[in-house]
Amino acid sequence: MNVPRVLLLTDRSQLPTGRDLVGTVAACVDAGLDAVVLRELDLPEDQRQRLARALGAAGVVVLSARTRLDGVAGVHLATAQARPDEGPPLPHGRSCHDDAEIRTAVSGGASYLTISPVAASASKPGYGPALGLPG
């Protein structure tokens, strides 16, 4: 897996009123977005699958958060989450929040890591204090 230069993690609840996720991601692709992690974990799997296809059609590499979806390029997993067993192995990334989690993810074969929170975030509270750029 080629590590994307820019990776967006979706959260449609953060969009301004009147903006849709696929249209917003398509505009980001036009601005240089390489890949997207489709979160939207509140949606049923069939709706997430349709959304993954629509995002792929917008020209972005789609990774699925926590579950495997047909046609995605990889799976983005929580720190301690087991890799999905079904189907051929897919590249996977891990969300990490400290040095120990980074070491565990690397030794477990993660293709890439995300490190958070770098800044305070309304969409993912509760993961400890912001690390800042030095962190």
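How many of the residues of strand β5 (residues 92-96) are buried? Five of its five residues are buried, and the strand is mostly covered, where buried means under 20% relative accessible area, exposed over 50%, and partly exposed in between (1.4 Å probe, protein chains only). The model is predicted, so that local features need pLDDT of at least 70 and side-chain atom pairs count only at pLDDT 80 or more, while totals for chains, interfaces and linings use all residues. Residues are numbered from 1 along each chain as its sequence is written, and side-chain values use heavy atoms, with hydrogens and water left out. Helices (H or I, at least four residues) and strands (E, at least two) are DSSP runs, numbered from the N terminus.

In a regular strand the side chains alternate between the two faces of the sheet. Both faces of β5 are covered, with His-92, Arg-94 and Cys-96 buried on one side and Gly-93 and Ser-95 buried on the other. Cys-96 counts as buried because its relative accessibility is 1%. Strand β4 (residues 74-77) pairs with β5 in the parallel sense over three bridges, two strands being taken to pair if DSSP finds at least two bridges between them; within this pairing, Gly-93 in β5 is the bridge partner of His-76. Strand β6 (residues 112-115) also runs parallel to β5 and is joined to it by four bridges, with Ser-95 standing opposite Thr-114 in β6. Between β5 and β6 the chain passes through helix α3 (residues 99-107), and this β-α-β crossover is right-handed, that is, with the strands pointing away from the viewer, the path from the first strand over the helix to the second runs clockwise. In β6, Tyr-112 and Thr-114 form a covered face, whereas Leu-113 and Ile-115 form an uncovered one.

In helix α1 (residues 21-30), the buried residues are Leu-21, Thr-24, Val-25 and Val-29. These residues lie on the same side of α1 because they cover an arc of only 145° around the axis, the arc being that of the directions from the helix axis to the C-beta atoms. What covers them includes β1 (7-9) and α2 (45-57). The N-terminal end of α1 is capped by Asp-20, a side-chain oxygen of which lies 3.3 Å from the backbone nitrogen of Val-22, and α1 is followed by Gly-32, whose phi is positive, near 115°.

Thr-24, located in α1, counts as buried because its relative accessibility is 14%. A polar atom of the Thr-24 side chain lies 2.8 Å from the backbone oxygen of Asp-20, and Thr-24 touches Leu-15 and Arg-19, residues up to four places away in sequence not being counted; contact here means heavy atoms within 4.5 Å. Cys-28, also placed in α1, counts as partly exposed because its relative accessibility is 28%. Cys-28 and Val-6 are 22 residues apart in sequence and 9.9 Å apart in space, C-alpha to C-alpha. With a disulfide defined as a pair of cysteine sulfur atoms within 2.5 Å, the count comes to zero disulfides.

Conventions: Polar contact = N/O pair within 3.5 Å; in protein donor to acceptor, adjacent residues only side chain to side chain.
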